[in-house]
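Please examine the model shown here together with its sequence.

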Amino acid sequence: MPELATPPRAVPVLAIEGLSYAYPNADEPTKRASTAHTADDAGRVLRDVSLQLAPGEFALLAGRSACGKTTLLRAACGLVPHFHGGEIDGSVSVAGRDAIAAGPGELAGAVGYVAQDPETQVVSTTVAAEIGLPLEMRGDPPASRARAIEEVALALAIPHLLERTVDALSGGELQRVALAAALVTRPQLVLLDEPTSQLDPVAGDELIWLLRRLNEEWGVTVLLAEHRLERCLAAADRVVAMDAGIISFDGEPRDFLAWAQEVDNALETPSARLFSLAGIEPLPTGVRNARQILSSTDALGGREGDTPLSQLFPKTASAVRPSGSGKSTSRSGGVPLPPGGSSAVNARNLWVELGDGDRRRDVLKGIELGVAQGERVALMGRNGAGKSTLLRALAGLVEPVRGRAEAPGGIALLSQNPSDYLVRERVGDELPGAAGAAALRAVGLEHAVDADPRDLSGGERQRLALAIALAGRIEGEELPGLVALDEPTRGMDRALKGELVELVGGLAAAGAGVVVATHDVEFAAAFAARVVLLGEGVAIADGAANEVLSGGWYFATEVARILDAPGVVTPEQGVAYLAERGRIA
Amino acid sequence: MRSPFAYTPRPRPLQSASPGAAVAYLGAFVAVAFLYSSPLVLAAVGAGAALAGLLAGASRAVRVALRMGGVLALLIVVVNVLVVNRGETVLLRLGELPVLGRVDVTGEALAAGAVIGLRAAVAMVAFAVYSACVDPDRVLRALRPLAGRSALTAALISRLVPVAAADAARLRDAGRLRGPAAAPLGRAVMARRLLTGSLDRAVDVAATLELRGYALEPPRRRLIARLSPRQWGQSCDRRPRYDRRFYAIGAVVIVAAVVGKLLGADGFAAYPTVEVGFGGATLALSALVVLAGLAPWRRRA
């Protein structure tokens with residue numbers, strides 16, 4: 001019998017060798033004024049990076065904010081240096097082509113790139129035109145274009161959107177359309193920069209598993225940059241971690257977890273933290289894996305005779321509420337109303353309509369919401385459930401068609417994009433005088449008074465915007481009755497989220513009611529005492545955070561999904577739960 | 001809120017037509033409006049364009065254009081009567097006014113201003129129908145092989161206008177949410193912030209266009225090089241179903257307008273006294289132009 005020839009080693013889809021890069025003017029003094037840039041003295045945001053991705057790999061790019069993930073993705077699709085300029089050393093090869101010489105247009109057939117903000121990734125009027133644009137640009141005939149559009153739309157479950165205009169789409173739909181436009185040329189490599197940052201847990205999970213399916217069925221190589229690692233670690237074959245422009249780890253997900261445990265706790269997933277605190281080995285890569293490990297170690301067994309969790313974990317919501325508030329809880333629109341004296345906000349039968357003409361629709365349908373001063377509330381729900389509209393209605397930015405909202409002590413609202421508050425070129429000019437200085441001190445930014453707001457990190461910009469919203473009423477009697485934040489954790493790593501929890505916790509401790517609209521269940525578990533879950537403009541659940549976040553599947557923390565025990569949502573609670581059951585020492 | 005002039009895809013003949021056919025058809029209305037001063041013909045052009053818009057489902061765009069056109073026409077009439085002293089029928093003597101000098105309001109200047117205003121208003125209706133019914137992407141792509149840079153600029157602008165409008169709305173909201181001790185958001189500051197924000201947005205949109213291959217050589221030349229002559233012919237022959245109708249009606253209107261002009265159908269003179277002709281040619285041309293507005297009509301199954 002003739003011997004089978006040894007198959008040739010696969011050519012890497014992405015091969016980066018000794019890559020260093022600095023953006024133009026990166027060494028200007030103003031750029032070094034803040035903590036936003038992790039560039040070295042020469043302004044390099046990538047330093048001697050080498051990375052290879054084999055065909056069909058699904059790699060996760062992890063790292064703290066501003067560590068160089070986005071720049072690496074831009075280099076892999078040719079935008080760096082072709083579009084952004086700057087100085088580059090080393091080599092980047094995509095599907096055998098020199099990306100530094102070719103540029104993004106010529107690489108368009110081999111690599112697809114999906115950036116973080118879907119709004120700026122659409123350039124056509126209709127969805128079909130947007131998806132077909134790359135094919136048209138390379139001159140594919142109409143019949144071939146039509147088939148490719150149809151197939152990618154089916155793969156991403158968006159054929160019903162094809163004839164719609166892009167301005168009528170939600171953030172999640174736009175993200176899928178951008179992904180479809182990146183995939184329609186059947187690229188060998190697809191690069192995604194935090195694609196789930198604007199998606200609710202349902203849509204975020206769907207997108208990750210959709211990518212995995214495309215990776216398995218189409219053989220597409222995926223390089224995915226994400227902060228919410230718990231969401232995608234189980235789907236990844238490999239993790240590449242970056243720190244200050246260098247690759248600090250490159251290996252399998254399980255090894256990454258062990259590395260993160262030793263080197264950078266901010267990159268640990270909740271399940272890994274649960275296991276490391278409990279001393280259980282090996283560390284799990286996801287919910288399914290964690291349950292398998294726990295079953296094999298019998299840590300989940302023997303439910304009879306357990307101490308009731310209500311005794312283990314008292315409802316923190318009632319602890320935070322002013323004593324003697326005696327709130328009455330009702331569901332499905334009947335939301336607890338605090339007694340008159342301590343109310344931060346009180347919304348009764350709130351109906352809001354948005355849109356115009358034929359598209360006018362009820363976004364809020366008879367919402368009842370009471371928040372007490374000092375209370376910490378997370379507002380959750382799917383994209384389009386009405387969270388932002390509720391906050392805007394409370395702040396008086398939209399007029400309800402029926403019902404009313406009262407905020408006796410006033411309201412400070414930080415909307416989704418903190419950059420909207422930053423309109424001047426010097427932090428001190430945004431917040432003049434003693435009251436401005438007090439606001440900066442309150443958010444820990446007094447050192448940045450001469451910095452340009454655009455040079456601040458994402459977390460610092462968030463804090464500065466909050467200081468602007470609170471300026472003149474940040475201390476004592478003047479503190480607003482309610483401080484509301486709309487989706488404040490976009491693009492933040494776990495460490496920055498921790499800082500935000502501290503900051504808003506401080507405001508609550510000072511007597512303000514704090515409401516945060518968020519998709520981030522782990523952040524909600526860390527911050528909130530109470531969770532209100534909206535669905536299609538109606539409050540569908542309202543209760544203590546550890547009850548609501550352990551009572552479902554999508555709007556539940558990773559620990560809650562692993563242990564499936566009412567009231568257990570954080571790794572620390574999980575360890576206590578396991579210890580109480582005698583499953584761990 | 002979405003602009004009433006924003007393109008909305010609908011399964012109607014005008015929206016299905018190729019950009020060339022739609023432009024030829026709606027352009028015929030605009031051409032007649034600029035070729036003629038007869039109020040009857042101009043009114044017919046307005047009626048034809050409005051009818052086309054209604055049949056194409058762009059009733060909101062037509063309504064808003066009529067309202068805006070009416071205001072514009074009124075403004076033109078006022079300006080014309082103030083700056084033009086010609087005409088024999090003096091309706092009002094305003095005496096000496098600063099800058100303008102001696103002002104007599106004449107019936108002739110009023111009529112002339114009304115005709116200019118009517119022309120502007122009907123052109124506005126035709127452009128509104130174009131904007132609401134013709135896919136800008138298809139227009140830009142049709143232009144791209146001919147003028148790549150211009151098409152890129154137009155693509156950027158067409159995308160940035162709604163994005164900038166959304167940014168402005170958000171900035172206004174954020175301005176209302178600033179604390180009492182924060183520096184106030186003046187108009188100049190907001191305009192500057194909007195401008196710098198738009199530049200950032202433009203960079204993002206341009207990056208997306210780069211990634212989609214917009215900087216590549218325009219497709220037509222590459223397609224011609226790649227396809228055999230037979231294939232090329234096949235791909236070009238597939239015209240949208242309603243194209244012939246729009247091309248034909250546009251051509252008929254233009255030819256009739258030129259012939260009518262030669263036959264004296266444009267019977268209007270404002271000075272020294274107003275004269276309006278209602279001859280057979282004028283009436284026939286007006287009827288034809290109104291009927292041309294029925295072109296987007298689709299027989300229901």
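Predicted model: local features only at pLDDT ≥ 70, side-chain atom pairs only at ≥ 80, totals over all residues.

Residues are numbered from 1 along each chain as its sequence is written, while chains are lettered from A and ligands numbered from 1 in the order in which they are written.

Chain A contains 23 helices and 19 strands; helices (H or I, at least four residues) and strands (E, at least two) are DSSP runs, numbered from the N terminus. Of its 585 residues, 56% count as buried. A residue is buried if 20 or more other C-beta atoms lie within 10 Å of its own, exposed if 12 or fewer, and partly exposed in between, with C-beta atoms placed from the backbone. Two residues are in contact if their C-beta atoms, placed from the backbone, lie within 7 Å. Among contacts in chain A between residues at least 6 apart in sequence, 70% join residues at least 24 apart.

For chain B, the domain assignment gives domain 1 (13-139 + 241-292) and domain 2 (147-217); such bounds come from an automatic or database domain assignment. The centres of domain 1 of chain B and domain 2 of chain B, taken over C-alpha atoms, are separated by 35 Å.

In soluble globular proteins, nonpolar side chains tend to be buried together. A nonpolar core is here a set of buried Ala, Val, Leu, Ile, Met, Phe, Trp, Tyr and Cys residues joined through C-beta atoms within 7 Å. The largest such core has 205 residues, and those with the most contacts inside it are A76(A) and A467(A). Helix α7 (residues 171-183) of chain A gives the most to this core, with eight residues. Leaving aside residues up to four places away in sequence, A76(A) touches L14(A), V92(A), V94(A), A99(A), V111(A), L191(A) and L223(A). A second, separate core of 66 residues includes Y7(B), L40(B), A61(B) and V115(B).

Strand β13 (residues 376-381) of chain A is mostly covered, with six of its six residues buried. From β13(A), R376(A), A378(A) and M380(A) point one way, whereas V377(A), L379(A) and G381(A) point the other way. Two strands pair if DSSP finds at least two bridges between them. β13(A) pairs in the parallel sense with strand β17 (residues 513-517) of chain A over four bridges, and there V377(A) has V515(A) as its bridge partner. Five bridges join β13(A) to strand β18 (residues 530-535) of chain A, again running parallel; in that pairing M380(A) stands opposite L533(A).

Which residues of helix α17 (residues 433-442) of chain A are buried? They are A435(A), G436(A), A439(A), L440(A) and A442(A). Seen down the axis of α17(A), these buried residues fall within an arc of 160 degrees, so they line one face of the helix; the arc is that of the directions from the helix axis to the C-beta atoms. The cover over the buried residues of α17(A) includes α18 (458-470) of chain A. Just after α17(A), G444(A) takes a positive phi of about 75 degrees.

The contact between the chains takes 53 residues from chain A and 48 residues from chain B. On the side of chain A that touches chain B, the elements that give two or more residues are α4 (104-107), α5 (127-137), β15 (411-414), α16 (427-430), α17 and α18 of chain A. Of these, α5(A) gives the most, with five residues. By class, this side of chain A has 28 nonpolar, 14 polar and 11 charged residues. Ala, Val, Leu, Ile, Met, Phe, Trp, Tyr, Cys and Pro count as nonpolar, Asp, Glu, Lys and Arg as charged, and the others, Gly among them, as polar.

Some backbone details remain. Most residues other than glycine have a negative phi, and most peptide bonds are trans. The peptide bond from V80(A) to P81(A) is cis, with omega near 5 degrees, and P81(A) lies in helix α2 (residues 79-82) of chain A. Another cis peptide bond joins Y271(B) and P272(B), with omega about -5 degrees; P272(B) is found in the loop between β3 (268-269) and β4 (275-276) of chain B. D48(A), in strand β2 (residues 44-53) of chain A, has a positive phi near 50 degrees. With 14 C-beta neighbours inside 10 Å, D48(A) counts as partly exposed.
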